[in-house]
Amino acid sequence: MKLKTLFVLAGMFTGIICKGQNKSSIPAINEERKRLESNGMLVLGSWAVGNIVWGGIGASRTTGARKGFHQMNMYWNTVNLAIAGLGYFNARRHQENKGLWESLEAQHKTEKILLFNAALDLGYMAGGLYLKERGKRQQKNQLIGFGNAVMLQGAFLLVFDGVLYALQVKNKANFKPWMDKLSIHANGLSYKIKI
């Protein structure tokens, strides 16, 4: 009976210590992930607005492939602006404090999305090259301009997603001290505490 009471008290004490550490470090890591996401959406939104304005002016003053280039930049960045707006408000939305596992899952999900987006960016660049080559074969200047614009947008997004991914990986390193204290055994999970 005394041994069970000792284990219950030790478990409660451990929970209090872990919870105290959880509130100070894990929320800070989560906040940094959200800050990186919201700042990334501000960068994407700024790029989009700049391209929409530049594309509108350029499309009204040029012809041929250049007009197609500016038109596609405008169209493409209208979508980028919508994505940036939704992403920004989602990143700024208040979330309750998450524990270690939920935080790691959220971090992993963010990194997977960025890697998936980078693969899409390569596809955009390949699609842009295809449009450009098809425009040359068919002698359609608008397709050539569209292709150049899609390649430019894909290249920007590839760099953008790559930088965000690198920053998120750096943020994930903040979980290392927490993970170093965890041990998984056949009997369960343990957490080392220094007092």
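By about how much of the helix are Glu133 and Lys136 separated in helix α3?

1. Glu133 and Lys136 are three residues apart in helix α3, a separation of about one helical turn. The two form a salt bridge, with their closest N and O atoms 3.8 Å apart, where a salt bridge is a side-chain nitrogen of Lys or Arg within 4 Å of a carboxyl oxygen of Asp or Glu. Glu133 is partly exposed at 33% relative accessible area, and Lys136 is partly exposed at 45%; buried means under 20%, exposed over 50%, and partly exposed in between (1.4 Å probe, protein chains only).

2. On the basis of the model, please note that it is predicted, so that local features need pLDDT of at least 70 and side-chain atom pairs count only at pLDDT 80 or more, while totals for chains, interfaces and linings use all residues. Residues are numbered from 1 along each chain as its sequence is written, and side-chain values use heavy atoms, with hydrogens and water left out.

3. The secondary structure comes to five helices and two strands, in the order α-α-α-α-α-β-β along the sequence; helices (H or I, at least four residues) and strands (E, at least two) are DSSP runs numbered from the N terminus. Of the 195 residues in the protein, 32% are buried.

4. Helix α3 (residues 100-138) packs against helix α4 (residues 141-172) at an angle of about 165°, with the axes 7 Å apart; the axes are lines fitted to C-alpha atoms over the stretch in contact, and angles run from 0 to 180 degrees between N-to-C directions. That makes α3 roughly antiparallel to α4, since angles under 35 degrees count as roughly parallel, over 145 as roughly antiparallel, 65 to 115 as roughly perpendicular and the rest as oblique.

5. A salt bridge also joins Glu111 and Lys172 (3.1 Å, N to O), and this pair links distant parts of the chain, with Glu111 in helix α3 and Lys172 in helix α4, 61 residues apart. Glu111 counts as buried at 4% relative accessibility, whereas Lys172 is partly exposed at 35%.

6. In helix α1, Glu32 and Arg35 are three residues apart, or about one helical turn, and they form a salt bridge whose closest N and O atoms are 2.7 Å apart. Glu32 is partly exposed at 25% relative accessibility, as is Arg35 at 37%. The count of salt bridges comes to five.
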